[in-house]
Each structure stands twice: as C-alpha cells, then as structure tokens.
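This briefing covers helix packing, a sheet, a cavity and a pocket. Please look through the model below before reading the points.

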Amino acid sequence: MVIRTRDPLPVSLSIQIYRGLIRAYPASFRQEFKAHMLQVFRDDCLGAFGRAAYGGLLAFWLYTIKDFLNSIFSTHALEERLRLEMRRQTMGETLKINTEALNRREFLNFTWLASLGFLLVDLGGVAYLFSMPLFGEGEYGGRFTLGRARDVLPAAGGAPVNVPKGKFWFARTGDDKIVAPYKVCPHLGCLYNWNSAANIFLCPCHYSQYEQDGTYAAGPAPRSLDRFVIRLLDDQGVEVASTDGEGNPLSVPNEDLQVVIDTGSLVRGKPKGQRYTQV
Amino acid sequence: MPDITPDQFLPLTPAAFHILLALAYEEKHGYAIMQEVEAISDGQVKIGPGTLYGTIKRTLTDGLIEESEERPDPALDDQRRRYYRLTGRGRAVLRAEAERLAQLVAQARERRVLGRAT
C-alpha cells in the first residue's frame, strides 16, 4: 500500500485526491502503472511539502494538474491505438467481435468523467454569462442610441437636452461638438439644472455653476461635471469616433452618424481651473 | 517486424528525449528518472507522474526502453519499484535525436543566433 499512516495529513489527503484523478486514465494503463504513479506522486509530494510546506504543496498541485491535463489525452490515444492494433490481430484469427456490456469499473469511470464533463460545461456556461454585457440597450449602465446626429443634436450653443432615463444631459457646445454630462453635481450629489437665462448649469443646493460643456465655473464644487463616453457609429454599426479619456467635447464629423451615449463609461470631470479643448 | 530505422521515431517529444537521456548511464526507477530529468535540465524541465508513465508506456511499446529484471542494488532498494533501461534501439534513437538537435544548434550558430562554441 502506498499510503502510510506516518505521512503528514496534507500529503495523505493529496494522495487520496490524486488516486481519484488517476481514475481518468485508461483502465489498462492504470492497471499497469497506478501503483507506480501513486508512489512517484507521494515521493514528490513529500519532497515539496518538506521543502516549502503549504506553499510548496500548492505549487506542486498546480504543476500536477498541468501534468494531468498534458498526459490524459495522449495516454487515452495510445491505449486506443494499442487496442485497435490488438483487435486487428485477433480479428485475423477469429471473427469474434467483442460486445461486452459495461462492467462496474468502466461504469464508475464513465460516471467520473461525465461529472468532470458537466463541471466543465457549467464553468463554461458561467463564463459565457459573465462575458455578456451587464446592461442592455436603453438601460442606465448600458448604451442609449439617440439617433442620427442630424435629428438629435440640439441647436448649437442652445439649451442642452435632459435625458432622465439615462441620467445625463446632452449638450452641443459648438458647431459640431457634443458632450453628455452625468446629471449629478460632483460637489455633494444634487441634481443640477440648466439655467437658460444665464446659459449655465446651476446646482440648486450650493450654487455650483458649470459652463455649457460642463466645465467648472463657480461655487464649491471640486471639479467639472463628470461625463459619459459618446460613441459615433456609422450605418454598419462601426464606431467612427468616441469621447477621449479626458472627456473633451467630441466633434461630429458627419451628421449621418448615429449618436450613442455609453452610460457604462464615465469620465471624471477635470479639477477646477482646467479647461476642456475647444475648437 | 520489417526494418525499423531510428529516424522513424524522430522527432522525440521533449519528455521522451529527457527520459531516454536520464537512462543513458544506467537503469533507473520512475522517481529517479524524474529527479534525473530535473537535474539534467537544471531544474527547467519537470515531469509529473502522468507524463512520466505515459511516456514510459509509449517508449516501452516502441521498444526504446525495457523493464529490467535485475535490481541494481537489491539491498538498497524497494522491491516494489520497477526499473527501466535503454534498449539497443532506444540508444540508437537517442543518438539520432541528439544528432538532429546538434545539427539544429549548428544551424543556429551559422545564422548567428547563438555565439560560436569555443
């Protein structure tokens, strides 16, 4: 027997786990080498645990799993090849074809492999779900497709448009520049409004003021308005331009482009005193 | 079997090459092969039990190694361990593979990828 009671507990547990892993190797291979593999595993495991305790054991296991994945398929392929060769030889002598039902051991191996397979499928499914976008189109956190620039752009220099569902304002700051500030004041979180008499965004709580492009103008706020990334798409849905990392107003090169506000990407406003690039 | 030339087994997998190399001097059991491979490669190649016995099985099937009946040192060793040694064919294949690799290294030198041997 390979396991001896004097092995440290982590080592003997590891051996038990490895004993389970070995079940995935082909039956004939196991019959020949199982005891030897366990012995080598134990020698190596004791060495790793002795050298670096749990850190050593962890590294040892990572490496063992790699070895397992590397060798499992090639051993199956080899056994399959040998079995076919043997069958071809015996078929030359007699034409008896082996049609035995599964025995208990094969059934257990099958079950073991199937559960491994289900686990992998589960993990794959979870990974797939996680790779999907968290928010759909038109949901705050996702993208808002406003429409073609020609149809949706406010008048140049005019009043910005409030889009409550997306929690942003949509402003045209010059002839062809647009910006989409987040509707919350960066000072203490109130909702500011557009004041058309003064042509500024004005926060009712502490009178922080911002210019039409969201630049800090006056009041207690620490920075300019945070803004969402605007993406301009062509008719094929290919992105032509988007708001840069500084949050500068984005130019619209062509009024046929679709305007999309990405409320999943927020750019922090610049600290007070810093200007945005204007043309 | 019809004529089998060493070239038929080339190129060897890295694991197979290391294992044959580990058996070049003397016969060894599994764990000793594993340690020898690590020593040969300066710790860069480590072979786990699956790869080790998978490769042993393949090289046994191909007749490159064989189980040895004798224990090199019966007093010292464990009855359960199985020892392996190179066969004549295994030695020829090992040599052929080493020559092939040497030729590659020579080509690398030729093309100034490696410095000249001194």
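Contact here means heavy atoms within 4.5 Å. The model is predicted. In chain B, helix H3 lies across strands E2 and E3, and H3(B) runs at about 100° to E2(B).

**Two helices of chain B**

- Two packed helices are described by the angle between their axes and the distance between the axes.
- Helix H1 of chain B covers residues 14–22 and helix H3 of chain B covers residues 49–61; their axes come within 10 Å and cross at roughly 80°.
- Angles of 65 to 115 degrees count as roughly perpendicular, and H1(B) and H3(B) are therefore roughly perpendicular to each other.
- On the H1(B) side, the residues that meet H3(B) are Ala15(B), Ala16(B), Ile19(B) and Leu20(B); on the H3(B) side they are Thr51(B), Leu52(B), Thr55(B) and Thr59(B).
- Sorted by class, this contact of H1(B) with H3(B) has 5 nonpolar residues, 3 polar residues and no charged ones.

**The sheet of chain B**

- Strands of a sheet pair through backbone hydrogen bonds, either parallel or antiparallel.
- Chain B has an open sheet of 3 strands in the order E1-E3-E2, with antiparallel pairing.
- E1 (28–29) and E2 (65–67) of chain B each have a single partner strand, so they stand at the edges and one side of each is left without a neighbour in the sheet.
- Strand E3 of chain B, residues 83–86, pairs with E1(B) over 2 bridges in the antiparallel sense.
- His29(B) stands opposite Tyr83(B) of E3(B).

**The cavity**

- There is 1 cavity of 30 Å³ or more, and the largest cavity has a volume of about 50 Å³.
- Its lining includes His36(A), Gln39(A) and Val40(A) from chain A, and His29(B), Tyr53(B) and Arg81(B) are among those from chain B.
- Helix H2 (27–93) of chain A and helix H2 (30–40) of chain B each supply at least two residues of the lining of the largest cavity.
- H2(A) provides the largest share of that lining, 3 residues.
- The lining of the largest cavity divides into 3 nonpolar, 4 polar and 2 charged residues.

**The second largest pocket**

- The second largest pocket has a volume of about 520 Å³.
- This pocket is lined by 27 residues, and Thr13(B), Ala15(B), Ala16(B), Thr55(B) and Arg58(B) lie nearest its centre.
- H2 of chain A and H1 and H3 of chain B each supply at least two residues of the lining of this pocket, and H2(A) gives the most, with 7 residues.
- By class, the lining of the second largest pocket has 10 nonpolar, 12 polar and 5 charged residues.

Methods: Residues are numbered from 1 along each chain as its sequence is written. Chains are lettered from A and ligands numbered from 1 in the order in which they are written. This is a predicted model: local features need pLDDT of at least 70, side-chain atom pairs count only at pLDDT 80 or more; totals for chains, interfaces and linings use all residues. Side-chain values use heavy atoms; hydrogens and water are left out. Axes are lines fitted to C-alpha atoms, for helices over the stretch in contact, and angles run from 0 to 180 degrees between N-to-C directions. Helices (H or I, at least four residues) and strands (E, at least two) are DSSP runs, numbered from the N terminus. Angles under 35 degrees count as roughly parallel, over 145 as roughly antiparallel, 65 to 115 as roughly perpendicular and the rest as oblique. Ala, Val, Leu, Ile, Met, Phe, Trp, Tyr, Cys and Pro count as nonpolar, Asp, Glu, Lys and Arg as charged, and the others, Gly among them, as polar. Two strands pair if DSSP finds at least two bridges between them. On a 1 Å grid over the protein atoms alone, a cavity is a set of points where a 1.4 Å probe fits but cannot get out, and a pocket is an open set with protein on both sides within 12 Å along at least five of seven lines; lining residues have an atom within 4 Å of a point. Grid points are joined across faces, edges and corners, and a volume is the space filled by probe spheres set on the points.
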